[in-house]
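Thanks for coming, everyone. Please have the viewer open.

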Amino acid sequence: MGASASVLPFLSRVAYSEASNSDQRTAWFRAAKFGMFIHWGPYSLASVEASWPIMRPGKWKITEEEYRALPARFNPTKYDPDHFIDLARSAGQQYMVFTTKHHDGFCMFDSSYTNYKITKTPYGKDIVKALADACARRNMQLGFYYSPPDLNHPGFRDTSKPSSSNWNGEPERPEWSSYLNYMELQLTELLTRYGDCKLIWFDGLNNQGKYDGLRFQKLIHSLQPGTLMNDRIGLRGDYVTPEQFIPKAIPTKDVEVKGVDRSVAFHEGVPNARDFQLWETCMTINHTWAYNANDHDFKSSRELIRGLIEVTSRGGNFLLNIGPQPDGQVQPEFVERLQAIGDWLRINGEAIYDSTYGPIQGLTNLRSTARGNNIYLHVFDWTPPKLVVSGIHSKVLYARLLANNQKLEFQQTEQGLTLSLPQVNPDENATVIALECY
């Protein structure tokens, strides 16, 4: 296994310390590794995707008029923010990102600058405020998704036309400046009325330069200097956001990541810590961001656990999405998978949280993470009686299984590290071997 792999030198403890401590603003994000994305709004009533049915109509079999009428009957009486927090905690997720406004322009918070909002629905209460208060009370890190596109605002586009004709916005119109002012007012609300905001997750879609990202970066830093910003408003921001895929190699600062674009050519190997690009991949459990009663193609718990490992082994964060039901509850298929991930993390969390990319990259059946003086081998395919791994240049002092704390016998030579494996695999999802190194 090790003989045919591409392996590289161990990222030293000093290098990781430089990477994680160079910017204290991002320290919590680097340590968290696993978060919950929440896409929720009136669109859940129709089992359709957020916003896209009016941007690219046809697939979802709902007209724009019908879509726009959904808030009139949105009444999630079973909504309980503690339910979301309990679920995130059971999954081992360390932060949450909530959709305060999607591209359709509907606000899940009580904005003073629009009537297209949650407090004008039968529900009548500020959902974001309830979640923010619960997160503050229970010490859950909370960030806000905010869409720069807004199909409901007449400054963003000519709203007399169908959304499908001009959903990219019309910055050439004189009204455009009024829309940017509207964005500034709403972001100011989110950053002054709802307590500590850990991050703003923009989703600018195409031609993001039209939003004057520097203006909003300055606004965020002036209102909450510690708040992070992602890369979807025409600036690199604090971290980049591949969507629905995991980069095949460790992202670096000289490589541009563009959302869903999988054609990015990442450098192979292990970069210098100073060249590492902070990143987070967002992913759905089925194929829909919003609640969709018709989408039953769920990723398995094993696939999601291994996805978390894949992301962490390349230094990234994993933002896993749920789409709550119209009543505010979370469907059982999501709950089951999130709890399975949490069960795995309760045993193996030390190999994930506060870790960075490992020294061994490019293996088919093995991933590695690093934390302090420890290297963690995440074994996907169990091949007793021996596992041979090359490329660990630090001296290994001790080896054990995280699953049961069993000590493993090993031999280390210039040719590699040979570990003796028990016959029975302790964990079919991924068994983690902790190596204490010097």
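One definition before we start: contact here means heavy atoms within 4.5 Å. Helices (H or I, at least four residues) and strands (E, at least two) are DSSP runs, numbered from the N terminus.

Now the ground rules. This is a predicted model, so local features need pLDDT of at least 70, side-chain atom pairs count only at pLDDT 80 or more, and totals for chains, interfaces and linings use all residues. Residues are numbered from 1 along each chain as its sequence is written, and side-chain values use heavy atoms, with hydrogens and water left out.

Let's go to helix H5, residues 81-91. Which of its residues are buried? Buried means under 20% relative accessible area, exposed means over 50%, and partly exposed is in between, with a 1.4 Å probe and protein chains only. In H5 the buried ones are Pro-81, Phe-84, Ile-85, Leu-87, Ala-88, Ser-90 and Ala-91. As background, an α-helix has 3.6 residues a turn, so residues three or four places apart point the same way.

What covers those buried residues? The cover includes strand S1 (34-38), strand S2 (95-101), helix H6 (127-138) and H11.

Take H11, residues 332-348. Its axis and that of H5 come within 6 Å and cross at roughly 45°. Axes are lines fitted to C-alpha atoms, for helices over the stretch in contact, and angles run from 0 to 180 degrees between N-to-C directions. Under 35 degrees is roughly parallel, over 145 roughly antiparallel, 65 to 115 roughly perpendicular, and the rest oblique. H5 and H11 are therefore oblique to each other.

Who meets whom? From H5 we have Leu-87, Ser-90 and Ala-91; from H11, Val-335, Leu-338, Gln-339, Ile-341, Gly-342, Leu-345 and Arg-346. By class, that contact has six nonpolar, three polar and one charged residues. Nonpolar covers Ala, Val, Leu, Ile, Met, Phe, Trp, Tyr, Cys and Pro; charged covers Asp, Glu, Lys and Arg; the others, Gly among them, are polar.

Now the ends of H5. Asp-80 caps the N-terminal end, with a side-chain oxygen 3.0 Å from the backbone nitrogen of Asp-82. Just after H5, Gly-92 takes a positive phi of about 85°.

Next, cysteines. How many disulfides are there? Count a pair of cysteine sulfur atoms within 2.5 Å as a disulfide, and the total is zero. Cys-135 is buried at 2% relative accessibility, and Cys-282 is buried at 1%.

On to the backbone. Most residues other than glycine have a negative phi, and most peptide bonds are trans. Lys-33 is not a glycine, yet has a positive phi of about 70°. Lys-33 sits in the loop between helix H2 (27-32) and S1, and is buried at 2%. Gln-244 also has a positive phi, about 65°. Its loop runs between strand S5 (228-229) and strand S6 (280-283). Gln-244 is partly exposed, at 23%.

There is a cis peptide bond too: Pro-384 to Pro-385, omega about 10°. Pro-385 lies in the loop between strand S10 (374-379) and strand S11 (386-389).

Last item: Ala-27, in helix H2. Ala-27 and Ser-355 are 328 residues apart in sequence, but 11 Å apart in space, C-alpha to C-alpha.

Technical notes. Polar contact = N/O pair within 3.5 Å; in protein donor to acceptor, adjacent residues only side chain to side chain.
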